Structure formats: structure tokens, C-alpha cells
Amino acid sequence: MATAADPASLPPSASPFSSTGALESVPFSSGNPRIEETRGVVLLHPDPPAAASSSSSHLPVGRKPRVCVPAVPNHMTYADFCRFCGAFVPHMLEMRIVRIDGAEDQYSVLIKFDTLSSTDSFYNHFNGKRFSSLEGDVSCVRFVEDVHYTQLIEHAHSSVTSLAEQPTCPVCLERLDQDPGGILTTICNHSFHCSCISKWTDSSCPVCRYCQQQPEKSMCSICGTSENLWICVICGNVGCGRYKGGHAIEHWQDTEHCYSLELETQKVWDYAGDNYVHRLIQSKTDGKLVEYNCYGAHGADGMCSICSGDAGMDEAILNSKVEAIVEEYNDLLTSQLDKQRNYYESLLLEVKEENEREVSAATAKAVSIKHQKLQTKLDKCIEEKRFLDDINANLVKNQEMWRERIRKVQEREQAALRLKDEKIEKLEAELRDLIAHIECQDAVAAAPESISSDVQGGTILPGPSTPSSSSSPDRAARDRKRN
């Protein structure tokens, strides 16, 4: 079944392999060809001149925060491309892997950024940069104007799960809009967190196992045709069937290798017995090998004489079996996802408890270390206080001792001053007596002889002592000095 948009409703620039003005239209497709395939057209801005590609002034005017990285080699997995983008992954809101028509061994990436500055930085950093230092493939970055989805092709017997939107990441089971690292949509239209898909080292999808690296197309070893091919199950020679060039039959006639496998239907033909001899064929629904229980006579064209009569009944039985298998697979997938969610929730709980224990132990250790430091500081302060108290007691004791010494020195000085005053008074008295004696002798010597003879036998008595005027200031000065 196929649903497609009306080509007349598309803008003129959206027609495949056409360009209007400065925009270039490039058709693309995505999805698993066995289940569902989406087709569309991406409008690309032209590349600026090579000399001005690093200048922001020569970038397209009115550009949007979306770019396209075409021609990415198929051997680069999704994880390799995320590592190639490096520090720009947190600024990516969405990455979508698509196929460009005509490029069999390459894929393209449509990237939407959070800001225009991040887009310009990504363009200037990766445009013209080699994907690997060991290979010559060079990345080319183009600004995207718009993306138009023109056709949705749903093949028969498609899985029910492919039509339902998955709001959670199939790897971590968390919502897709909760991771700031962006969303990556694989080439089979399954969405993952970039941080989750970057850990997936395989080139296949984690959900449907669809591989982006498609096997190389086989060709006839003689004429080179890629239709109606048969491979010899003995030596591996590839030749075309009898309805093309008949080179597979010629190989049987030359080598007598009678068993040949048809690549399209995986059926084995016996040239010697001229009939099919296979027991297992590949189912077109899911690609698995199933038992082929048909015992009717088969002709050279592959038609069965028994089952060709009631094809409608066989198709109904096949559809019912497919629906039952799909339902069983959905139930199994749901139960496994629930178990996986419970398992990871238990792991998260264990990690949380372990973190809480570590935080508690670290807090207790920090408190203990701080308490020890404070106790050490307190002991040191107490020791310093005790030392200062001893010094203070010694100083007080020394103060009393010095006060006593000062008192004794003052008493000695006062006693010495009193003794000095007494000596001075005694000397003054002696001096007065001596002066009086001298004055008397002078007076006797100057008197007449009659008086002097009478006086010489007499005795001189000291009179009342009157302090002289010259000695009074000295006494007052000594009194002031004593005080």
C-alpha cells in the first residue's frame, strides 16, 4: 500500500533534481524497505565560494539552524558520526539519517541546531574536514532551507510497532525530550538519544537490526546482469537464469555442479532432477528462514501444482500467522522492556543508596576531621592561657617585690637625708663657734693692753644661736629636695 502527496501541491522547487533560484532540490528516502519507506525532498543552499567559506558574511542570507551533511561513508556507524561531531552534539536538537537517491554506499545526515551561532560554528569547523586521517573522504556541509515529505510507502505485512510512535528511547526507556543531547533518528525511522546511540558500536539498528550497510549487488560472472541470478552451492559461481543468458545452466553443463540457489527467492534447484529440492526458504515478511512444506510437482517456472489452486486461502493463513507472530513479538518485547526498566531502576536505586552512604561517610569524616582540628586549636588556646596566667602571676609577684624594694630604698634615702641634715647642723654650730672664737681673738688683739690682759684669762660663752640669712635658703632647698 502506498500513500503519496499530490505533486501539484508541492512548491516548484520541490520536484526531484530541480533547482529554483539559488536553492537545490535533492530527493531522499528513509525507512526499512521491507516495512515502511518515506520519501521526500530537501532544499539546500548553494555552497559559498571556496575563498569565502570561512567568513560568516558570505554565508546564505536568511539561513536557518539546519544543515545537511551529505556523502557520509557507510562504514561510519552512528556512534562514529557522533564522535566525529564531538562537542557540537549537545547543541543538536535532532539528527535524521536519510539516503540520497543514487548514492548506494553513502548516507546523509539532516541536523537541526538550537541556535544559529552553533550552526555557523559547525559549518566553519566541519565543512571540508576529512572524516578520518587515514581516508580521503571529506565532509561537506550544506545549509538546509526546508524539508518536504512527499510519499509514505507501507509494504504488505508491515509490523504494528513500526506504525506507532515511540515517545521513549528504546535503550534507556526514558522520554526522548528529556535528554539535552538531542535525538538521533536512524535510517529505519527509529529514534534514540544521541548519548545512548553513541554507545552502540554496531552499524545496525538496536530495535529492528536493519543495517545501513547494504550488501553489494551480485552480478552474473559472464554477462554482468543483476536480474534472475543463480549461485552454485558447490563452488559459488554466479550466473543468470535460463530466461536471461542461461549462464547458470552452462556452468552446470561444464562442471556438473547440479545444485544452484536462486538469490531472489532462496530456492534451490536441482538441474539433474529438474526440480526444486530445498526445504527452507526465506520469509519476505521478516527475512527469517521457514520450512517449505509443499510436496507438489514444481515446474521450471517455480509454480506448484497443489498450492496454485487455492492462493487466497494460503494468503489468509499466512496473514493470520503473521498477525499472531507480530502480536506475540509485541508481547515479548513489552515484557522484556518492562524487565529491562525494572532492572535499570534497581541499578539506579543501588547507585543512589551507594551515593547516599558515601555522602554520609564523607560528611561524618569531614565532621570528625573538623572536630579534631577545633579540639587541637582549643587545647592550644588553653595551653597558651595557662602560660599567660603563669607569666601574669610571676609579674604580680615581681611587682610586689619591686614595690618592697622601692619602699626600702626610699626609707634609706630618708634616713641618709636626716643624717646629713644633722651633720650639717652640727657643722654649722661648730662653724659659728669657730667664727666667734676668731672674732674674739681679733677683738682682743685690737683692744688696749689693759683690757686685753684682763680678757686673756677669761672664758667666752656661746650666745643664742640665730640662723644666718645665708643658711636659710640652703635649708629650704634641702627641705624641698627631701620632700
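Glutamate 37 forms a salt bridge with arginine 39, with 3.3 Å between the closest N and O atoms, where a salt bridge denotes a side-chain nitrogen of Lys or Arg within 4 Å of a carboxyl oxygen of Asp or Glu. The structure is a predicted model, in which local features need pLDDT of at least 70 and side-chain atom pairs count only at pLDDT 80 or more, whereas totals for chains, interfaces and linings use all residues. Residues are numbered from 1 along each chain as its sequence is written, and side-chain values use heavy atoms, with hydrogens and water left out. Glutamate 37 counts as buried because its relative accessibility is 12%, while arginine 39, at 27%, counts as partly exposed; here buried means under 20% relative accessible area, exposed over 50%, and partly exposed in between (1.4 Å probe, protein chains only).

By this rule the count comes to 14 salt bridges. Side chains of opposite charge can pair when their charged atoms come close. In one of these pairs, arginine 357 is joined to glutamate 354, the closest N and O atoms being 2.4 Å apart. The two residues, arginine 357 and glutamate 354, are three residues apart in helix α5 and are therefore separated by about one helical turn; helices (H or I, at least four residues) and strands (E, at least two) are DSSP runs, numbered from the N terminus. Arginine 357 is partly exposed, with a relative accessible area of 48%, and glutamate 354 is likewise partly exposed, with 33%. A further salt bridge links lysine 385 to aspartate 389, for which the closest N and O atoms are 3.2 Å apart. Lysine 385 and aspartate 389 both belong to helix α5, where four residues, about one turn of the helix, separate them. An α-helix has 3.6 residues a turn, so residues three or four places apart point the same way. Lysine 385 is exposed, since its relative accessible area is 53%, whereas aspartate 389, at 40% relative accessibility, counts as partly exposed.

Of the 23 residues that line the second largest pocket, Pro170, Leu173, Val207, Leu333 and Leu337 are the closest to its centre. On a 1 Å grid over the protein atoms alone, a pocket is an open set of points with protein on both sides within 12 Å along at least five of seven lines, a cavity is a set of points where a 1.4 Å probe fits but cannot get out, and lining residues have an atom within 4 Å of a point. Grid points are joined across faces, edges and corners, and a volume is the space filled by probe spheres set on the points. The lining of the second largest pocket divides into 13 nonpolar, six polar and four charged residues, with Ala, Val, Leu, Ile, Met, Phe, Trp, Tyr, Cys and Pro counted as nonpolar, Asp, Glu, Lys and Arg as charged, and the others, Gly among them, as polar.

The structure holds one cavity of 30 Å³ or more, and the largest cavity has a volume of about 50 Å³. The largest cavity is lined by Trp230, Ile231, Cys232, Asn237, Ala248, His251, Trp252, His257, Tyr259, Ser260 and Tyr271. The elements that contribute two or more residues to this lining are β11 (229–232), α4 (247–255) and β13. Seven of the residues lining the largest cavity are nonpolar and four are polar, with no charged residue. Tyrosine 259, which is among the lining residues, is located in strand β13 (residues 259–262) and counts as partly exposed because its relative accessibility is 35%.

In helix α2 (residues 116–126), the buried residues include Ser118, Thr119, Asp120, Phe122, Tyr123 and Phe126. Helix α2 is followed by glycine 128, whose phi is positive, near 85°. Aspartate 101 lies in the loop between β6 (92–100) and β7 (106–113), and at 33% relative accessibility aspartate 101 counts as partly exposed. Aspartate 101 and phenylalanine 28 are 73 residues apart in sequence, yet 5.7 Å apart in space, C-alpha to C-alpha. Cysteine 194, in helix α3 (residues 194–197), is buried, with a relative accessible area of 2%, and its C-alpha lies 5.6 Å from that of isoleucine 183, which is 11 residues away in sequence.
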